[in-house]
Number of protein chains: 2
Amino acid sequence: MPDSFRPVALEHASRLINHGPTVLVTSAAGARRNLMAAAWSMPVEFTPPRIAVVIDKHTFTRELVAASGAFGVCIPGQSLAGLTYAVGSTSGRELDKFARHGLVTRPGPVLGVPLLEAGCAAWLECRLIPERHAEDAYDTCFAEVVAAAADARIFVDGRWDFRDDNTELQTIHHLGAGKFVRAGGVLHARAA
Amino acid sequence: MPDSFRPVALEHASRLINHGPTVLVTSAAGARRNLMAAAWSMPVEFTPPRIAVVIDKHTFTRELVAASGAFGVCIPGQSLAGLTYAVGSTSGRELDKFARHGLVTRPGPVLGVPLLEAGCAAWLECRLIPERHAEDAYDTCFAEVVAAAADARIFVDGRWDFRDDNTELQTIHHLGAGKFVRAGGVLHARAA
């Protein structure tokens, strides 16, 4: 783990995707591995931390997730917007996208899922909760988060901390067709 | 509909929540109606447009949605951050939150769901797809979008258009505890 990554307590893990960032889904089964972009994910529970991610049934990732029962959710910072778009536009059946893009991974502490840290703000290691109907009908994969970590420069004491000096790590949100918005200016809501 | 709202073609409706904004879920059954904030929603399909939203089974909204089979997803702009936090922190069982906050609604064109436009960037009118297990186990409600509209100052030709002159309508993304980030600076991804 790079010096700046720190474990995130499981009860805070769902917060990592609470604000709707586009994520990178990582997976491996045997000698095969893959990486795809996913704009469609959300928490469904804080404790135990559970999430849902839409992974199309025709993707290589879905095949690897079905085989391994596990996947990673890595949250790219804005410097990885180009990579995120690129890995969302090609299939890992034809090439190893990690090798193609020179990406270094570390194995997840619980399930050994390949995880990205460089350029990412955080990751969640997830165990698939088999839900055949939701997977078939809506491509929706439910999972429990079994480990999580975040870069301490942007996630501090269980909370996101977006500041002017960490814009490179701030999350990206896909509008479509390669156009992202960066989660930027922080607003403190006052009750209406 | 205010002059600036325009219908959104159904095949573009899922794009409205593609980037993970926090939304306001509206509902009504008989003479009762309600409004709650939801950070946890995502598209699950473009065509037909389908989405998933987490609505806790103990909420008044869930009761109204179960009774009516319908709900609205209204997407607040940043000027409604305070309202969004307020309606996410109180229950509609005790008071009519629309009246409490002086909110004007219009009925959805297909199902008559109460929808907000002032201060919002867009809305989606949704018909619940009954999925008892997902609702029970994950509080996840699947729905089909039957109508959608957006403010033409920020959603143009089926796409979001975030600019320096429409920051008030730009979407908000909840980090937790009343702290939101506004989806701000637009990034055009170049393939890595």
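The model is predicted.

**Overall build**

Chain A holds four helices and 14 strands. Its radius of gyration is 16 Å, close to the 16 Å that the globule rule gives for 192 residues, so chain A is as compact as a globular protein of that length. Along the principal axes, the C-alpha atoms of chain A fill a box of roughly 45 × 35 × 35 Å. Of the 192 residues in chain A, 59% are buried.

The chain carries 19 positive and 20 negative side chains. The centres of these two sets lie 2 Å apart.

**The pair of chains**

Two copies of a chain are related by a rotation about an axis and a shift along it. Here, a rotation of 180° with 0.0 Å of shift along its axis superposes chain A on chain B, with an RMSD of 0.0 Å. That is the relation of a two-fold axis. Within chain A, A:Gly20 comes closest to the rotation axis, its C-alpha lying at 1.9 Å. The copies meet through the same surface, because 100% of the interface residues of chain A are also interface residues in chain B.

**Helix 1**

Helix 1 of chain A spans residues 60–68. Its buried residues are A:Phe60, A:Thr61, A:Arg62, A:Leu64 and A:Val65. They pack against two kinds of element. The strands are strand 2 (23–29), strand 3 (32–38), strand 6 (70–76), strand 9 (120–129) and strand 10 (140–151), and the helix is helix 4 (132–138), in chain A. After helix 1 of chain A comes A:Gly69, with a positive phi near 70°.

In chain B, the buried residues of helix 1 are B:Phe60, B:Thr61, B:Arg62, B:Leu64 and B:Val65. Their cover includes strand 2, strand 6 and helix 4 of chain B.

**A buried strand residue**

A:Leu115 sits in strand 8 (residues 114–116) of chain A. At 0% relative accessibility, A:Leu115 counts as buried. Beyond its neighbours within four places in sequence, A:Leu115 contacts residues including A:Thr26, A:Gly72, A:Cys74, A:Trp123 and A:Leu124. A:Glu144 is 29 residues from A:Leu115 in sequence and 16 Å away in space, C-alpha to C-alpha.

**Backbone details**

| Cis peptide bond | Omega |
|---|---|
| A:Thr47 to A:Pro48 | near -5° |
| B:Thr47 to B:Pro48 | about -5° |

A:Pro48 lies in the loop between strand 4 (41–45) and strand 5 (50–54) of chain A. B:Pro48 is placed in the loop between strand 4 (41–45) and strand 5 (50–54) of chain B.

A:Asp139 has a positive phi, near 55°, though it is not a glycine. This residue belongs to the loop between helix 4 and strand 10 of chain A. Is A:Asp139 buried or exposed? A:Asp139 is buried, with a relative accessible area of 7%.

B:Asp157 is not a glycine either, and its phi is positive, about 55°. It occupies the loop between strand 11 (155–156) and strand 12 (159–160) of chain B. B:Asp157 counts as exposed, at 72% relative accessibility.

Key. Residues are numbered from 1 along each chain as its sequence is written. Chains are lettered from A and ligands numbered from 1 in the order in which they are written. This is a predicted model: local features need pLDDT of at least 70, side-chain atom pairs count only at pLDDT 80 or more; totals for chains, interfaces and linings use all residues. Side-chain values use heavy atoms; hydrogens and water are left out. Helices (H or I, at least four residues) and strands (E, at least two) are DSSP runs, numbered from the N terminus. The radius of gyration is taken over C-alpha atoms; the globule rule is 2.2 Å times the number of residues to the power 0.38. Buried means under 20% relative accessible area, exposed over 50%, partly exposed in between (1.4 Å probe, protein chains only). Lys and Arg count as positive and Asp and Glu as negative; His and the chain ends are not counted. The place of a charge is taken as NZ of Lys, CZ of Arg, CG of Asp or CD of Glu. Copies are superposed by least squares on the C-alpha atoms of residues with pLDDT of at least 70 in both. Contact means heavy atoms within 4.5 Å.
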